[in-house]
Amino acid sequence: MIKPQLFCNFCNGSRQRLLYKTNPHLVVCGDCGLVYTNFQPSIKRMMEFYNEDYFISNNSIEKGYSHYVEDKQNLINTFSRRMNIIEKYHSVPGKILDVGCAAGFFLSVAKQRRWHVYGVDISKFCKNYAQRELNINIEHGLFLNTNFGEAFFDVITMWDYLEHSITPKEDVLKAKTLLKDKGLLVIATPDISSFPSRTFRQDWIGIKLEEHFFYFSKTFLEQFLNKNGFRIVESGYIGKYVSLRMVADRLIYYNKFLSFIGGRVLTKINFSFYCNPFDITYIIAKKIIS
């Protein structure tokens, strides 16, 4: 079920204007400037959407991943690099929660570094995989429905999560209550104000109307966090390890001819590298002592 989104999740404003004249579903809040879709799915639809077909998709440009599990090593390498950033600010292992943890690869990295790991994800497929293959138990369902204790976690991460949520403001505020004083909230999300977004506009790969419902700018998130009990300790743009096969898959989004040439060449080479297109912003924010 789809319902119209008449009010901004962050400021409750009702004034809207189209972000792009040719796209009737992306709007800008006339009060706070947040970009979001003017429709929202039901919880039931979201639970059904993130099934196995999402993580093994024949059309990852429009939905999900080509093969999330097969890309395990690149994801492990990516999360190891990101864990290094976190441990600059929290070097002693503690309790860490990954919201939208998918198959649990980030938690696997943290567990190897002696952190006490917790996760939550809406996907039943991911919960089963994490338990079966990684021996990690994660909560299945919505983050807002979890019953973790207040001031329980040292670190909460939201890797590529907020854009998928239909309650991002409430999620951030709940994370605040679950964090200890001086605990860290780590967010990574596509940046609607980034150079690639401004260059490709409605063709930017970060726009996926079926699964991304909120489009944040780095400045918007920083200001929101600063106003709601956090202090920014680091921010910037973050990348990930990708295979040449993934590069070939993504080329079709921008140029079908290059995709055809790349698909014939790149998919035959088993090679991965770290890629930062500077359109995924990350923010590390510390909870201010209450």
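Which residues does Leu185 touch, not counting residues up to four places away in sequence? The legends below take up this question together with the sheet and the helices of this predicted model.

**View 1. Leu185 and the nonpolar cores.** In this predicted model, Leu185 touches Ile156, Met158, Val172, Ala175, Leu179, Leu225, Phe230, Ile283, Ile284 and Ala285, once residues up to four places away in sequence are set aside. The largest nonpolar core has 75 residues, and those touching the most other members are Leu34, Leu97, Phe105, Phe143, Ile156, Met158 and Leu185. In soluble globular proteins, nonpolar side chains tend to be buried together.

View 2. The strands follow the order 8-7-6-9-10-15-12, and their pairing is mixed. Strand 8 (139-140) and strand 12 (230-237) each have a single partner strand and stand at the edges, so one side of each is left without a neighbour in the sheet. Helix 3 (residues 72-89) packs on the sheet, where it touches strand 6, strand 9, strand 10 (179-190), strand 12 and strand 15 (280-287), and its direction makes about 140° with that of strand 9. Helix 8 (residues 218-227) lies across strand 10, strand 12 and strand 15, and runs at about 165° to strand 12.

**View 3. Strand 6 and its two partners.** Four of the five residues of strand 6 are buried, so this strand is largely enclosed by the rest of the structure. Strand 6 (residues 95-99) runs parallel to strand 9 (residues 153-159), to which three bridges join it; the bridge partners in strand 9 are Val155 for Ile96 and Ile156 for Leu97. Strand 6 also pairs with strand 7 (residues 116-121), again in the parallel sense, over five bridges, and here Asp98 has Gly119 of strand 7 as its bridge partner. Together with helix 4 (residues 105-112), strand 6 and strand 7 make a right-handed β-α-β unit.

**View 4. The buried side of helix 6.** Within helix 6 (residues 168-178), the buried residues are Pro168, Asp171, Val172, Lys174, Ala175 and Leu178. They cover an arc of only 165° around the axis, which puts them on the same side of helix 6. These buried residues pack against strand 6, strand 9, strand 10, strand 11 (214-215), helix 8 and strand 12.

**View 5. Two residues with positive phi.** Ala151, found in the loop between strand 8 and strand 9, has a phi near 50°, which is a positive value in a residue other than glycine. Ala151 is partly exposed, with a relative accessible area of 42%. Lys182 lies in strand 10, and its phi, near 70°, is likewise positive in a residue other than glycine.

**View 6. The protein as a setting for the close-ups.** The secondary structure of the protein comprises 10 helices and 15 strands, and of its 290 residues, 50% count as buried. Among the contacts with a separation of 6 or more, 69% are accounted for by residues 24 or more positions apart.

Technical notes
Residues numbered from 1 in each chain as written. Predicted model: local features only at pLDDT ≥ 70, side-chain atom pairs only at ≥ 80, totals over all residues. Heavy atoms only, no water. Pairing = 2+ DSSP bridges. Contact = heavy atoms within 4.5 Å. Axes fitted to C-alpha atoms, helices over the stretch in contact; angles between N-to-C directions. Buried < 20%, exposed > 50% of the residue type's maximum accessible area, 1.4 Å probe, protein only. Arc of directions from axis to C-beta. Core = buried A, V, L, I, M, F, W, Y, C linked by side-chain atoms within 4.5 Å. Right-handed = clockwise from strand over helix to strand, strands pointing away.
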